[in-house]
Amino acid sequence: MSAIFDFSSLLTVILLIICTCAYLRDMRPTIFDGGQTLQPGETRLKRSGVTGFFWKMSRIGERLSPYVGASCAIMAIHLLFFK
């Protein structure tokens with residue numbers, strides 16, 4: 001069964017994406033910037049597309065890290081013992 005149709009698998013994939021993006025951003029902080037720099041008069045970079053999605057996932061992983069970690073632990077217990 002595809003991860004799209006099974007809610008547990010979908011949550012696992014989302015948690016893995018969040019954790020991976022947060023780890024990659026910790027190792028290389030400019031990895032999701034796409035080589036963009038601020039232009040005069042701009043206050044922030046415009047992130048869009050796939051790299052923008054991964055940047056947002058890394059921000060979720062950074063800001064909500066205790067909750068993401070707890071969710072990963074709960075999901076691991078669920079996959080090991082209940083599935």
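Visitor: Is Phe53 buried, partly exposed or exposed?

Guide: Good place to start, and keep in mind that this is a predicted model. A residue counts as buried under 20% relative accessible area and as exposed over 50%, with partly exposed in between. Phe53 has a relative accessible area of 40%, so it is partly exposed. Phe54 is also partly exposed, because its relative accessibility is 29%.

Visitor: How many aromatic pairs does the structure hold?

Guide: There is one aromatic pair. It joins Phe53 and Phe54, whose ring centres are 5.7 Å apart. To name the geometry, look at the angle between the planes: under 30 degrees is stacked, over 60 is edge-to-face, and the rest is tilted. Here the planes stand at 55°, so the pair is tilted.

Visitor: Let me step back to the whole fold. Which elements does the protein have, and in what order?

Guide: From the N terminus on, the order is α-α-α, with three helices and zero strands in the protein. Of the 83 residues, 22% are buried. The accessible surface comes to about 6400 Å², and carbon and sulfur atoms account for 68% of it.

Visitor: What does UniProt list as "transmembrane region"?

Guide: The unreviewed UniProt entry lists residues 6-24 and 64-82 under that heading. Residues 6-24 are 95% helix and 0% strand, with end C-alpha atoms 27 Å apart. For residues 64-82 the span is 95% helix and 0% strand, and the end C-alpha atoms lie 26 Å apart.

Visitor: How far apart should the ends of helix 1 be, at 1.5 Å a residue?

Guide: The 21 residues of helix 1 should span 30 Å, and the end C-alpha atoms are 30 Å apart, so the two values agree.

Visitor: Which residues of helix 1 are buried?

Guide: An α-helix has 3.6 residues a turn, so residues three or four places apart point the same way. In helix 1, the buried residues are Ser8, Ser9, Thr12, Leu15, Ile18, Cys21, Ala22 and Arg25. Their cover includes helix 2 and helix 3.

Visitor: Could we take one of those residues? What is Ser8 in contact with, beyond its neighbours within four places in sequence?

Guide: Ser8 lies in helix 1 and counts as buried because its relative accessibility is 12%. Leaving those neighbours aside, Ser8 is in contact with Met75, His78, Leu79 and Lys83.

Visitor: Which residues make up the largest nonpolar core?

Guide: That core has eight residues in all: Leu15, Ile18, Cys21, Phe32, Trp55, Met57, Val68 and Met75. Helix 1 (7-27), helix 2 (49-63) and helix 3 (65-82) are the elements that give two or more residues to this core. Helix 1 gives the most, with three residues.

Visitor: And what does Phe32 touch, apart from residues up to four places away in sequence?

Guide: With those set aside, Phe32 touches Cys21, Leu24, Arg25, Thr51, Phe54, Trp55 and Ser58.

How values were computed
Residues numbered from 1 in each chain as written. Predicted model: local features only at pLDDT ≥ 70, side-chain atom pairs only at ≥ 80, totals over all residues. Heavy atoms only, no water. UniProt positions renumbered as here; feature names shortened; annotations may be inferred. Helix = DSSP H or I, 4+ residues; strand = E, 2+ residues; numbered from the N terminus. Core = buried A, V, L, I, M, F, W, Y, C linked by side-chain atoms within 4.5 Å. Buried < 20%, exposed > 50% of the residue type's maximum accessible area, 1.4 Å probe, protein only. Contact = heavy atoms within 4.5 Å. Areas by Shrake-Rupley, 256 points an atom, 1.4 Å probe, with all protein chains shown as cover. Phe/Tyr/Trp six-rings, centres within 6.5 Å; stacked < 30°, edge-to-face > 60°. Expected span 1.5 Å × (residues − 1).
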